[in-house]
Amino acid sequence: MPEDADVGQELPIPKSGSPLDLIIVGGGPAGLAAAIAAAQAGLEYRVIEKGMLVNSIFHFPAHMTFFTSPELLEIGGIPFTTPYQKPTREEALRYYRRVADHFRLKIVFDAAVCSIGRVAGNGNRPSFRITTRSKVGDALRIYRSHAVILATGYYDHPNLLGVPGEDLPHVSHYYRDAHGFFRKSVVVVGGNNSAAIAALEIFRAGGRVTLVHRGDGLGAAIKYWVRPDIENRIKEASIAAWFNAGVVAIVPGSVRIESGGQFKEIPADHVLLMTGYHPEVEFLRLTGIRINDQTLVPEHDQSSFETNVPGLYVAGALVAGQETNRIFIENGRFHGEAIVKHLRTRLNEAMTDNQQKFEST
């Protein structure tokens, strides 16, 4: 975010252009569902996405299969057809492209929101100035809107270990594909579902895998069909595992861990830190949203999803804070409908108030 960004401050009203009804920050399923609801309600809106359509899904593992059935990923009433019981990442990308085209959704890609400022002087009707920076030419653009939905998820912000060497080029917080790890030593840090799947796929692609986890065993969140596979691979020593172990440092060629007061150095051509992700809470705080320090949940009304900042809403995974396994596409896709219903009522009330003031003059 630029150092001179005016975030959460009272700003003068921009002189040119009429405000939009709604800006939606984030082009994932929750943001797209909100855009569909806005379009169907006749609102003038834009979706601002810093990357590509459903950017987080695109960066999921290349051969990932969703844990849910296709109908639970549907938005806008468009059927998600697949011959499989559980759809693949590639099918999901194709589906959301089709949805965006079907509704002719108004999306601005490759534009990062760098500031959201409240505009002063509009009476009881909220208004915001949103500044974006484009990847193309690094150009700035300013939007005005009566409301903003933040649907930015959490996948872009990994939980860091805070150890030396975490920023080395052979270290990643994301797993894409197992092929590149053929005949290489790979340390996978973590003990939940993502770590287990990465470890299994790399092992089957010919990699030498060591799993390191600070817990005393595999995490409870591992899916029931994954657990016996990873447990059996560990039991037969096809995958090495260190539990009650913490990473002390990462150096070229190895990972240093501590377990039970003993230190050990594990060979590593690559290191995958499957330690989870979190929402960008500092940006939320700068907009004026109050955040619970323990749960990272933004203060919001549970029916309308409006935050303590009037006209500023949260949708999708942001609603759950650090409990990232509580809100998925299955339930986050409905947030937009509730928000748009609340927003439309508020806009209608504002129009009625303005009409009454006009008639009384």
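**Close-up views of a predicted model**

View 1. The model is predicted: local features need pLDDT of at least 70 and side-chain atom pairs pLDDT 80 or more, whereas totals for chains, interfaces and linings use all residues. Residues are numbered from 1 along each chain as its sequence is written, and side-chain values use heavy atoms, with hydrogens and water left out. H335 is buried, at 6% relative accessible area (buried, under 20%; exposed, over 50%; partly exposed, in between; 1.4 Å probe, protein chains only). Leaving aside residues up to four places away in sequence, H335 touches F305, A315, G316, V319 and I327 (contact: heavy atoms within 4.5 Å).

**View 2. Salt bridge between K135 and D110.** The N to O distance of this pair is 4.0 Å; a salt bridge is a side-chain nitrogen of Lys or Arg within 4 Å of a carboxyl oxygen of Asp or Glu. K135 belongs to the loop between β6 (128-134) and β7 (140-145), and D110 to the loop between β4 (107-108) and β5 (111-119), so the pair ties together parts 25 residues apart in sequence. K135 is exposed, at 60% relative accessible area, whereas D110 is partly exposed, at 29%.

**View 3. Salt bridges E265–R256 and R326–E323.** The closest N and O atoms are 3.3 Å apart in E265–R256 and 3.3 Å apart in R326–E323. E265 is partly exposed at 44% relative accessibility, and R256 is partly exposed at 39%. R326 is likewise partly exposed, at 40%, as is E323, at 37%. Elsewhere, salt bridges with shared partners join R204, D229, R233 and E236 into one network. The count of salt bridges is 15.

**View 4. Nonpolar surface patch formed by F67, Y224 and W225.** The patch has an area of about 370 Å². Y224 sits in the loop between β11 (208-212) and α5 (227-235) and is exposed, at 67% relative accessible area. Patch residues have over 30% relative accessible area and no salt bridge; like charges are joined within 9 Å and nonpolar side chains (Val, Leu, Ile, Met, Phe, Trp, Tyr) within 5 Å. Accessible areas come from the Shrake-Rupley method with a 1.4 Å probe; for residues, only the protein chains shown count as cover.

Terms used:
Helices (H or I, at least four residues) and strands (E, at least two) are DSSP runs, numbered from the N terminus.
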